[in-house]
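Here is a short report on one protein chain. Look over the sequence and the model first, then read on.

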Amino acid sequence: ISPLQHVQAGEGRAGEGAGPDGSESGCDVGYCSLHENQRVMKYCCKCGQLLCRLCLVGDAHEMHRADVLSVDDAYKMRRAAVQGQLDSTLGGNSEMEATVKAIRNQILLIHDNTESVSEQIRSTVSESIAALKRREE
């Protein structure tokens with residue numbers, strides 16, 4: 001069961017700023033689908049389930065209590081992980097842009113060198129033709 005399947009929607013949705021309980025996430029995650037009158041207050045990282053206080057009383061999460069966080073802490077942890085992935089992706093884009101710029105500079109240098117070498121070849125060929133003509137005379 002995914003966290004969303006385990007919870008029925010509450011009266012509110014994710015809001016701006018602090019939530020009614022003072023949480024930073026401002027997220028009203030709703031009511032437990034197993035215990036319909038109980039608000040969800042914890043998240044089990046191991047199971048990926050949102051839990052109410054009655055879910056915590058049972059033995060289902062006894063073996064991994066260390067993996068149970070408050071919804072707010074789980075939100076902060078997940079947000080930090082997503083932000084880290086975003087920062088890494090954006091940082092990768094900067095590196096890629098720098099690599100593309102360096103490749104373009106190399107292409108310009110090759111183009112300039114090609115023009116210079118082509119001119120040298122034309123000049124050498126012209127001098128060789130002139131030398132052959134002088135020899136024929």
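Arg122 is partly exposed, because its relative accessibility is 46%. The term covers the range between buried (under 20% relative accessible area) and exposed (over 50%), with a 1.4 Å probe and protein chains only. Its partner is Glu119: the two side chains meet in a salt bridge, at 3.4 Å from N to O. A salt bridge here means a side-chain nitrogen of Lys or Arg within 4 Å of a carboxyl oxygen of Asp or Glu. Glu119 is partly exposed too, since its relative accessibility is 44%. Glu119 and Arg122 are three residues apart in helix H2, so about one helical turn separates them.

Side chains of opposite charge can pair when their charged atoms come close.

## What kind of model this is

This is a predicted model: local features need pLDDT of at least 70, side-chain atom pairs count only at pLDDT 80 or more, and totals for chains, interfaces and linings use all residues. Residues are numbered from 1 along each chain as its sequence is written, and side-chain values use heavy atoms, with hydrogens and water left out.

## The second salt bridge

How many salt bridges does a search of the whole structure find? The search finds two. Besides the pair above, Asp72 forms one with Lys76, and their closest N and O atoms are 3.5 Å apart. Both residues lie in helix H2, four residues apart, or about one turn of the helix.

Is Asp72 buried or exposed? Asp72 counts as buried, because its relative accessibility is 15%. Lys76 has 34%, so Lys76 counts as partly exposed.

## The chain as a whole

The protein chain has two helices and five strands. From the N terminus on, the order is β-β-β-β-α-β-α. Helices (H or I, at least four residues) and strands (E, at least two) are DSSP runs, numbered from the N terminus.

Of the 137 residues, 19% count as buried. The chain exposes about 10400 Å², and carbon and sulfur atoms supply 54% of that area. Accessible areas come from the Shrake-Rupley method with a 1.4 Å probe; for residues, only the protein chains shown count as cover.

## A three-stranded sheet

Three strands form an open, antiparallel sheet in the order S4-S3-S5. Strand S4 (49-51) and strand S5 (68-70) stand at the edges with a single partner strand each, so one side of each has no neighbour in the sheet. The twist averages 30° from one strand to the next.

Strand S3 (residues 42-44) pairs with S4 over three bridges. Two strands pair if DSSP finds at least two bridges between them. Cys44 stands opposite Gln49 in S4. Helix H2 packs on the sheet and touches S3, S4 and S5; its direction makes about 95° with that of S5. Axes are lines fitted to C-alpha atoms, for helices over the stretch in contact, and angles run from 0 to 180 degrees between N-to-C directions.

## A buried loop residue

Gln38 is found in the loop between strand S2 (31-32) and S3. Gln38 counts as buried, because its relative accessibility is 17%. Leaving aside neighbours within four places in sequence, Gln38 is in contact (heavy atoms within 4.5 Å) with residues including Tyr31, Cys52 and Leu54.

## A nonpolar patch

Which residues form a nonpolar patch on the surface? They are Val117, Ile121, Val125 and Ile129, with about 330 Å² of accessible area together. Patches are made of residues with over 30% relative accessible area and no salt bridge: like charges are joined within 9 Å, nonpolar side chains (Val, Leu, Ile, Met, Phe, Trp, Tyr) within 5 Å. Val125 lies in helix H2 (residues 71-136).
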